[in-house]
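Please consult the sequence and structure shown below while reading.

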Amino acid sequence: MNKFSFDLAATDGRARTGTIHTPRGEIRTPAFMPVGTAATVKAMLPGSVRETGADILLGNTYHLMLRPTAERIAALGGLHKFMNWDRPILTDSGGFQVMSLSDLRKLTEEGVTFKSHIDGSKHTLTPERSMEIQELLGSDIVMCFDECPALPADRDRIGRSMELSMRWAARSRAAFGDRPGYALFGIQQGGLEEDLRGQSAEALREIGFEGYAVGGLAVGEGQEAMFGCLDYAPEQLPADKPRYLMGVGKPDDIVGAVARGIDMMDCVLPSRSGRTGQVFTRHGVLNIKNARHQNDPRPLDEDCTCPACRGYSRAYLHHVFRAQEMISSMLLTWHNLHYYQQLMSGMREAIAAGTFEAWQADFHAARAQRDIDPL
RNA sequence: GCCGGGGUAGCUCAAUUGGUUAGAGCGCGUGGUUGUGGUCCACGAGGCAGUUGGUUCGAAACCAUCCCCCGGUA
């Protein structure tokens with residue numbers, strides 16, 4: 001099969017499970033996509049990321065554009081070969097950096113000019129240039145160039161921003177064209193305003209994309225407000241195409257999003273937290289920095305089968321974290337990614353079996369049962 | 001032994017030259033981190049000022065004393 005397609009296998013309530021087919025392999029949904037911004041999932045070998053169960057990784061247009069540059073990656077055979085990952089890659093367009101690096105850029109109708117955080121040099125990203133870079137990288141799923149505004153923001157600002165993103169979506173589509181086997185995803189904006197989200201969805205459907213993202217969430221609004229938005233936003237998007245919630249989230253955010261009809265998610269949390277000592281387990285968050293772990297011989301999670309839990313005590317993981325040894329980032333990142341992928345496969349099975357509601361009850365019950373306290 | 005410099009938070013050091021409740025960075029303790037600027041941010045604990053005595057309304061600061069550290073020198 002040499003094309004990009006999405007097969008919906010089952011639904012349970014609003015939750016869905018299925019498969020995205022790409023020439024580079026299948027993506028089982030709901031999918032969690034680890035973030036590999038700079039052509040690496042930090043502290044992990046690609047084979048290890050695959051072992052946790054990941055079907056697809058993220059890369060980033062802005063960061064790779066600055067270093068080592070898209071042209072260099074293309075000359076070296078593309079991003080897959082460059083980073084030794086032969087499965088699908090989704091690249092963010094740089095739209096998120098319009099927000100996260102907001103004091104280093106200037107925004108106009110044409111696009112965004114960034115002042116490099118590395119050497120101060122100027123780089124302009126337009127919808128057209130973002131498409132060009134993502135094609136040079138060889139990205140399987142290309143994201144439209146958008147503006148992701150921080151929340152809270154007033155309705156006027158959100159509306160103007162959304163309209164700009166929709167004009168950029170049309171330009172992105174025109175620049176990308178139609179490339180069999182590759183996908184371009186549109187990104188819905190509109191903040192927490194239902195009607196603006198609806199207008200945005202309408203604009204995207206008119207343009208037509210291989211998948212649709214809910215953008216502009218998890219940017220400061222809180223879980224309750226985000227869920228409120230997800231109660232309508234996914235259903236404003238086409239049901240027969242993948243729905244991608246960008247940048248989310250914590251485990252309970254992910255479960256809530258899947259319950260509301262989301263098929264794909266990405267988040268830096270499991271990998272970044274792996275480097276900052278925050279550990280995700282069935283029973284909630286455990287902070288390996290805490291002094292109370294220094295004599296604890298137990299693994300992070302008795303039932304986890306990841307290398308960190310099979311071979312090492314909390315006391316050891318505490319020690320190597322405090323000593324800033326590299327193995328700390330490696331083991332904790334591995335554990336977190338493994339936990340996230342277990343979460344996803346659990347949800348996929350439950351949705352397929354029609355038992356997702358009971359699965360969610362178990363999920364929340366395990367978190368309420370906090371047996372992560374010291375011995 | 002003599003000459004010089006120095007002893008302030010666990011560590012490295014400040015303090016407009018005698019004036020309210022002695023500060024910072026790191027470390028320590030605890031949160032936070034959602035399309036990754038290998039981070040960053042927030043809050044907290046921690047001091048009988050080497051010793052003893054003196055001068056003064058008032059001393060980390062001035063004087064004396066002893067103890068310790070560093071450099072030089074015999």
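Is Ala 308 buried or exposed? The model is predicted, and in it Ala 308 is buried, because 26 other C-beta atoms lie within 10 Å and the cut-off for a buried residue is 20 or more.

**Surroundings of Ala 308**
- Ala 308 belongs to helix H13, which spans residues 307–311.
- Beyond its neighbours within four places in sequence, Ala 308 is in contact with Leu 300, Leu 317, Leu 331, Leu 332, Trp 334 and His 335.

**Helices H6 and H7**
- Helix H6 (residues 127–137) and helix H7 (residues 155–176) have axes that come within 8 Å and cross at roughly 45°; H6 is therefore oblique to H7.
- The crossing of H6 with H7 is right-handed.
- From H6, Pro 127, Glu 128 and Met 131 meet Trp 168, Arg 171, Ser 172, Ala 175 and Phe 176 of H7.
- By class, the residues of this contact between H6 and H7 are 5 nonpolar, 1 polar and 2 charged.

**Surface near RNA strand B**
- RNA strand B is surrounded by 46 residues, of which the closest are Cys 148, Gly 247, Gly 249, Val 268 and Ser 271.
- Two or more residues of this surface come from each of strand S5 (57–60), helix H5 (95–100), strand S14 (264–267) and helix H12 (269–276).
- H12 provides the largest share of the surface near RNA strand B, with 5 residues.
- The surface near RNA strand B comprises 17 nonpolar, 18 polar and 11 charged residues.

Technical notes:
Residues are numbered from 1 along each chain as its sequence is written. Chains are lettered from A and ligands numbered from 1 in the order in which they are written. This is a predicted model: local features need pLDDT of at least 70, side-chain atom pairs count only at pLDDT 80 or more; totals for chains, interfaces and linings use all residues. Axes are lines fitted to C-alpha atoms, for helices over the stretch in contact, and angles run from 0 to 180 degrees between N-to-C directions. Helices (H or I, at least four residues) and strands (E, at least two) are DSSP runs, numbered from the N terminus. Angles under 35 degrees count as roughly parallel, over 145 as roughly antiparallel, 65 to 115 as roughly perpendicular and the rest as oblique. A crossing is left-handed if the near helix is turned anticlockwise from the far one by less than a right angle, and right-handed if clockwise. Two residues are in contact if their C-beta atoms, placed from the backbone, lie within 7 Å. Ala, Val, Leu, Ile, Met, Phe, Trp, Tyr, Cys and Pro count as nonpolar, Asp, Glu, Lys and Arg as charged, and the others, Gly among them, as polar. A residue is near a molecule or strand if its C-beta atom, placed from the backbone, lies within 6 Å of it. A residue is buried if 20 or more other C-beta atoms lie within 10 Å of its own, exposed if 12 or fewer, and partly exposed in between; C-beta atoms are placed from the backbone.
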